[in-house]
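Here are my notes on this model, as numbered points. Please read them with the structure open.

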Amino acid sequence: MIYLQLFLSFLQIGLFSFGGGYAAMPLIQDQVVTAHGWLSMPEFTDLITISQMTPGPIAINSATFVGMKIAGVPGAIAATVGCVFPSCVIVTLLARLYLKYRDMSLLQGILGSLRPAVVAMVAAAGISILITAFWGGDQIGSLESTRWWMVGIFALCVLFLKKLNWNPIAVMLSAGVLRVLLAVLGI
């Protein structure tokens, strides 16, 4: 019975969590903390931290973590399959529709008009992250409040990626090592 509950709870999360992992967090909290009491609020906070630290989507990592905690490996499988199943069905249907109607000018017009919106969303997220990194908040601060060492790390990362063609993983690791070194030096 617990496997079915895990599957159905995470099926709901997978079905209604449009907008990515952060949009799924309230749904996950409602299911695992409020509705079923599988986790306490401090455990849920730990879940968020673990889900962000591990590779993969937050909702899937959360499903695996909760399922494992509640019912072991079979519970992790039930919760993860429940979370992934709606996306698999929806993407399969959309792929079939796209392959069938991809030459339709109306569809190409719709997809063409969505591209700038997607670029704008990615750019807005990037700018928001830059502001947080450079000034520590959600607004651009003064020159005095700028964290110049973060600006320097950012500039080095851009140089490594664009001019030296480094692997993005090597750039991330190098940025992390540089930040740790700066912290050790008290900067």
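**Notes on the model**

1. Surface first. The protein chain exposes about 12400 Å², and carbon and sulfur atoms supply 73% of that area. Accessible areas come from the Shrake-Rupley method with a 1.4 Å probe; for residues, only the protein chains shown count as cover.

2. Provenance. This is a predicted model: local features need pLDDT of at least 70, side-chain atom pairs count only at pLDDT 80 or more, and totals for chains, interfaces and linings use all residues. Residues are numbered from 1 along each chain as its sequence is written, and side-chain values use heavy atoms, with hydrogens and water left out.

3. Fold. The protein chain has seven helices and zero strands. Helices (H or I, at least four residues) and strands (E, at least two) are DSSP runs, numbered from the N terminus. The radius of gyration is 21 Å, well over the 16 Å that the globule rule gives for 187 residues, so the chain is more spread out than a compact globule. That radius is taken over C-alpha atoms; the rule is 2.2 Å times the number of residues to the power 0.38. Along the principal axes, the C-alpha atoms fill a box of roughly 55 × 50 × 30 Å.

4. Buried residues make up 23% of the 187. Buried means under 20% relative accessible area, exposed over 50%, and partly exposed in between (1.4 Å probe, protein chains only). Take contacts (heavy atoms within 4.5 Å) between residues at least 6 apart in sequence: 42% join residues at least 24 apart.

5. Main core. The largest nonpolar core has 19 residues; Leu6, Phe10, Ile28, Val32, Phe44 and Val66 have the most contacts inside it. Helices H1 (2-16), H2 (21-35), H3 (41-53) and H4 (58-101) each give two or more residues to this core. H4 supplies the largest share, seven residues. A nonpolar core is a set of buried Ala, Val, Leu, Ile, Met, Phe, Trp, Tyr and Cys residues joined through side-chain atoms within 4.5 Å.

6. Val32 and the second core. Leaving aside neighbours within four places in sequence, Val32 contacts Phe10, Gly37, Trp38, Leu39, Phe44 and Val66. A second, separate core of six residues includes Phe160, Val171, Ala175 and Leu182.

7. Thr80. Where does Thr80 lie? Thr80 is in helix H4. Thr80 counts as buried because its relative accessibility is 18%. Not counting residues up to four places away in sequence, Thr80 touches Ile60, Ala63 and Thr64.
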